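This briefing covers the salt bridges, the chain contact and the fold of the structure shown below. The points are grouped by topic.

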Amino acid sequence: MNKNYTITAADLTSMGIILTDDKMTSLLDHLNEELNERVGTSLLEELSDEQIEEYNELSKTAEGDQIGEWLSSKIPEFSQIIQDEIDIILGDIAEKADDLSKS
Amino acid sequence: MSEQIISNTAEFTTAESSNEDSADINEGSELKSAVARAADRFSKFAENTYEKRIEFQNNIAEGLETRREAIKGSAKNAGENATDFFKKISEVGKGIGLATVGVAIMGASVAGEKVGKVANSAKESYEKGKIYANGKVESGKDAIGGAKEKLTEYVDRIKADRQAKRAEALVRKDERKMNSDHAEAIRINDSMDRKSERKMTKDHMEAIKINNSMDRDSAREAKKAEALIRKDERRINREHAETIRANNAKARAEARKEKIESIKSSAIEKKDKLKTGASDFSQKALDFFNRAKEAGKIGVDAAKEAWQNYEK
């Protein structure tokens, strides 16, 4: 599944999270990995059993953004689901911003 | 005083924490107070970074749009745009220091102001600092603190906005899950209904089959029972007939025996009779013979006599 979404340093600094470059990079890697997993889970939950089988087969041979396009064709709320997961994880970050800044 | 471009929070923070020259300041005189120095540096900082702030502000706006496009649109185009954006952020961020991004955003967002206004803000801070210049280093801190308060306020606003969006997103996510669970429950119920129906049909067909089989078995059993009954009847009849024959034979044998006995008795009787008869006959014959004998004798005598007479 291609990543068409990413949490950036700007997202974090706008919430007052100030870190050194290496810590920022490490945090962003962790957050984006978490985001990707949440998005993947949420999208797959929208598929029927038959569609999941179809997805498994497609994932073996898909190139580029074939999977993303296939998912967006099968899931009516594809874009909204991704945006919701981004908003949720950014909300979680906002809640813990002070702790993250101290790290 | 050499110009110093503040490039990180540490420098900015220490700028107002110095206790040096807390004495009164005369406008236009050499900037000796910490407040004045800080205000002046801030002004220059604002002026020097204004252009970068505007560019950064625009990049952020563009980045948000890019991100929206990245989510909605094709990955390839969005990815390229996102990559460009991230590169710009990185360059700008390195130029002005990430620590002061918030300040830069604040400065630009509070006003979209031009350099002059920002400079005036710094000048206002300087004026405030001058009022409290008599031994109150905190006055300098107040001026800087104001800017920091606005930065904090901005950050808090961003955080509150993020948390509000998270709440909305969680509500939508819960609704989707409920709908999905409901659809799954319906699907399972339908599946169970169809499965139950198939099972009931199968059980019904099985029951019919068993019933038919039982009917056939019952019919066979009934026929078998009837056949056995008939067989028994025949056996009984045979035995009865046999008994009758046996009885008849016995009777005949008895009868025969009796007859034989009878015959034997009869024969004996006859014999006896014969014997008696023979005896009678014999007696009679004897009598006859005797008579005959007598008669014969008589005759003989007569004959003799006659002879005798002849001879004479």
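Asp98(A) is partly exposed, at 48% relative accessibility. Its side chain meets that of Lys159(B) in a salt bridge, with N and O 3.2 Å apart. Asp98(A) sits in helix α6 (residues 97–102) of chain A and Lys159(B) in helix α6 of chain B, so this pair joins two chains. The model is a predicted one.

**Salt bridges between the chains**

- Lys159(B), the partner of Asp98(A), has a relative accessible area of 11% and is therefore buried, the cut-off being under 20%.
- Lys173(B) and Glu85(A) form a salt bridge whose closest N and O atoms are 2.9 Å apart.
- This pair also crosses between chains, running from helix α6 (residues 137–311) of chain B, which holds Lys173(B), to helix α5 (residues 78–95) of chain A, which holds Glu85(A).
- Glu85(A) is buried at 0% relative accessibility, whereas Lys173(B) is partly exposed at 27%.
- Asp92(A) is bridged to Arg166(B), and here the closest N and O atoms are 2.5 Å apart.
- Between chain A and chain B the count is eight salt bridges; over all chains it comes to 21.
- Side chains of opposite charge can pair when their charged atoms come close.

- Arg38(A) and Glu34(A) are joined by a salt bridge at 3.0 Å, N to O.
- The two residues are four apart in helix α2 (residues 21–45) of chain A, which means that about one helical turn separates them.
- Both ends are partly exposed: Arg38(A) has a relative accessible area of 24%, and Glu34(A) is at 29%.
- A network of salt bridges links Glu34(A), Arg38(A), Asp92(A), Glu95(A) and Arg166(B).

**The contact between chain A and chain B**

- Chain A contributes 36 residues to the contact and chain B contributes 24 residues.
- The size of an interface is often given as the accessible area lost when the parts come together.
- About 2800 Å² is buried between chain A and chain B, with 57% of it on carbon and sulfur atoms.
- Six residue pairs are in polar contact between chain A and chain B, counting pairs with both residues at pLDDT 80 or more.
- On the side of chain A that touches chain B, at least two residues come from each of α1, α2, α5 and α6 of chain A.
- The largest share of that side, 16 residues, is supplied by α5(A).
- By residue class, the side of chain A that touches chain B consists of eleven nonpolar, twelve polar and 13 charged residues.

**Thr13 of chain A**

- Thr13(A) belongs to helix α1 (residues 9–13) of chain A.
- Its side chain reaches the backbone oxygen of Ala10(A) at 3.2 Å.
- Thr13(A) is buried, at 7% relative accessibility.

**Chain B as a whole**

- Chain B has six helices and zero strands, in the order α-α-α-α-α-α along the sequence.
- Of its 312 residues, 22% count as buried.
- The accessible surface of chain B is about 22300 Å², and 54% of this belongs to carbon and sulfur atoms.
- Among contacts in chain B between residues at least 6 apart in sequence, those joining residues at least 24 apart make up 75%.

Technical notes: Residues are numbered from 1 along each chain as its sequence is written. Chains are lettered from A and ligands numbered from 1 in the order in which they are written. This is a predicted model: local features need pLDDT of at least 70, side-chain atom pairs count only at pLDDT 80 or more; totals for chains, interfaces and linings use all residues. Side-chain values use heavy atoms; hydrogens and water are left out. A salt bridge is a side-chain nitrogen of Lys or Arg within 4 Å of a carboxyl oxygen of Asp or Glu. Buried means under 20% relative accessible area, exposed over 50%, partly exposed in between (1.4 Å probe, protein chains only). A polar contact is a pair of N or O atoms within 3.5 Å; within protein, one must be able to donate a hydrogen and the other to accept it, and residues adjacent in sequence count only if both atoms are side-chain atoms. Contact means heavy atoms within 4.5 Å. Accessible areas come from the Shrake-Rupley method with a 1.4 Å probe; for residues, only the protein chains shown count as cover. Buried area is the accessible area (1.4 Å probe) that two parts lose on being put together, summed over both. Ala, Val, Leu, Ile, Met, Phe, Trp, Tyr, Cys and Pro count as nonpolar, Asp, Glu, Lys and Arg as charged, and the others, Gly among them, as polar.
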